[in-house]
Amino acid sequence: QVQLVESGGGLVQAGGSLRLSCVVSGRTFSSYDMGWSRQAPGKEREFVASINWSGSSTDYAYSVKGRFTISRDNAKNTVYLQMNSLKPEDTAIYYCYADPAAGGEAFWGQGTQVTVSS
């Protein structure tokens, strides 16, 4: 059983920064590509960023490129999302996911709330 626990969300003013963390337990962390998605009120869940199992490749949604940075520490079973220059439209619940690099169903965390005030 794979478990993902996010932390680091909160309330921040526009222009501020937050760092989200996601700790993974239960399986070999380095066998998973990792990512973040978000869901704003009344909207569908959308992709934010992803990183491959080794950390050598990343991908970002256009809306966050240049402001957010995804990284991982395989020794700590943790993936991070550094969010800078936050905007009110970044307000959402942020979910961490683990996607088996070899294929198969992804695992999701419970989410952490990020609220950006104007």
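**Exercise 1. Find the partner of serine 37 in strand S9.**

Step 1. In S9, serine 37 has tyrosine 95 as its bridge partner. This comes from a predicted model.
Step 2. Now look at the strands. Strand S4 covers residues 32–39 and is joined to S9 by 8 bridges.
Step 3. Check the direction. S4 and S9 run antiparallel.

**Exercise 2. Trace the pairing of S9 with S10 and S11.**

Step 1. Take strand S11, residues 112–117. It pairs with S9 over 3 bridges, in the antiparallel sense. Tyrosine 94 has threonine 112 as its bridge partner in S11.
Step 2. Take strand S10, residues 107–108. Here 2 bridges join S9 to S10, and the two run antiparallel. Tyrosine 97 stands opposite tryptophan 108 in S10.
Step 3. Look at the hairpin of S9 and S10. There are 6 residues between the strands. In this hairpin, glycine 103 takes a positive phi near 105°.

**Exercise 3. Decide whether cysteine 22 and cysteine 96 form a disulfide, and describe the link.**

Step 1. Apply the cut-off: the sulfur atoms must lie within 2.5 Å. Those of cysteine 22 and cysteine 96 are 2.1 Å apart, and the two form a disulfide.
Step 2. Cysteine 22 is in strand S3 (residues 18–25) and cysteine 96 is in strand S9. They are 74 residues apart, so the pair links distant parts of the chain.
Step 3. Read the angle. It is -80° about the S-S bond, and the link is left-handed.
Step 4. Count. The structure holds 1 disulfide.

**Exercise 4. Is S9 mostly covered or mostly uncovered?**

Step 1. Strand S9 spans residues 92–100. Of its 9 residues, 7 are buried.
Step 2. Conclude: S9 is mostly covered.
Step 3. Cysteine 22 and cysteine 96 are both buried.

Note on methods: Residues numbered from 1 in each chain as written. Predicted model: local features only at pLDDT ≥ 70, side-chain atom pairs only at ≥ 80, totals over all residues. Heavy atoms only, no water. Buried < 20%, exposed > 50% of the residue type's maximum accessible area, 1.4 Å probe, protein only. Helix = DSSP H or I, 4+ residues; strand = E, 2+ residues; numbered from the N terminus. Pairing = 2+ DSSP bridges.
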